[in-house]
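Please walk through the salt bridges of this protein, then look at two further residues and their surroundings.

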Amino acid sequence: GSVRVFGLDPQRDEVAVKRSLEELRRIGIRVVLDSFGKGYSPLSILMSQPIDVLKLDRLLIETVAPDGEGSQLLANVIRMAQDLSLHPVADGVSHVDQADFFCFLGPADFKLYLWDNRPASTTYGARQTAIVGESNPMAVIIPAGVVHAYRNVGDMEGIVINCPNRL
């Protein structure tokens, strides 16, 4: 992924990965840890890497039942993020007028889903999918009003950089 761009192996060179992320932060790029709460989510990453935003996985958000059961777990995760000076964001909860800049670099592939929901657009209602990531490295600017989602379709975890114009 972005680690490969820097020529680093995240499994063997954690210090260099941390330095690279710190350099990105220094030039004004916020570091987002995506899909926290899905599968294996090591808490040590929150303490060892320079992360600004903790994006909580939709599955974690959905643990809260309509009757409120599960809300204590979610509240504790949010409180933990805030105690670590992280900005928690819920996956799937976004702003209609938010634009996003994504970098899909690997080390896995992702399936990107796009749906133009802008009534004034000549492509209104159009749907598109693309495989992006290791086999097709790509940066994508998604304008406000285009509904989008992505999922990992690879055999390993991957890294996606998301730079929204606002949170």
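Aspartate 116 is buried, at 5% relative accessibility. The model is predicted. Aspartate 116 pairs with arginine 118 in a salt bridge, and their closest N and O atoms are 2.9 Å apart. Arginine 118 is partly exposed, with a relative accessibility of 29%.

## A bridge from helix 2 to a loop

Aspartate 52 forms a salt bridge with arginine 25. The closest N and O atoms lie 2.7 Å apart. Aspartate 52 sits in the loop between helix 3 (43-48) and strand 2 (53-56), while arginine 25 is in helix 2, so the pair ties together parts that are 27 residues apart in sequence.

Is aspartate 52 buried or exposed? Aspartate 52 counts as buried because its relative accessibility is 17%, and the cut-off for buried is under 20%. Arginine 25 is partly exposed, at 35% relative accessible area.

Glutamate 23 is partly exposed, with 38% relative accessible area. Arginine 26 is exposed, at 60%.

## Phenylalanine 101 in strand 4

Phenylalanine 101 is part of strand 4, which covers residues 100-106. Its relative accessibility is 31%, so phenylalanine 101 counts as partly exposed.

Which residues does phenylalanine 101 touch, leaving aside those up to four places away in sequence? The contacts are Ala139, Val140, Ile141, Ile161, Asn162 and Cys163. For valine 140, the C-alpha separation from phenylalanine 101 is 5.7 Å, although the two are 39 residues apart along the chain.

## Glutamate 157 in a loop

Where does glutamate 157 lie? Glutamate 157 is in the loop between strand 8 (146-152) and strand 9 (159-164). Its relative accessible area is 62%, so glutamate 157 is exposed.

Glutamate 157 still has contacts beyond four places in sequence: Tyr40, Pro107, Ala108 and Asn152. Proline 107 is 50 residues away along the chain, and its C-alpha atom is 7.2 Å from that of glutamate 157.

Terms used: Residues numbered from 1 in each chain as written. Predicted model: local features only at pLDDT ≥ 70, side-chain atom pairs only at ≥ 80, totals over all residues. Heavy atoms only, no water. Helix = DSSP H or I, 4+ residues; strand = E, 2+ residues; numbered from the N terminus. Buried < 20%, exposed > 50% of the residue type's maximum accessible area, 1.4 Å probe, protein only. Contact = heavy atoms within 4.5 Å. Salt bridge = Lys/Arg side-chain N within 4 Å of Asp/Glu carboxyl O.
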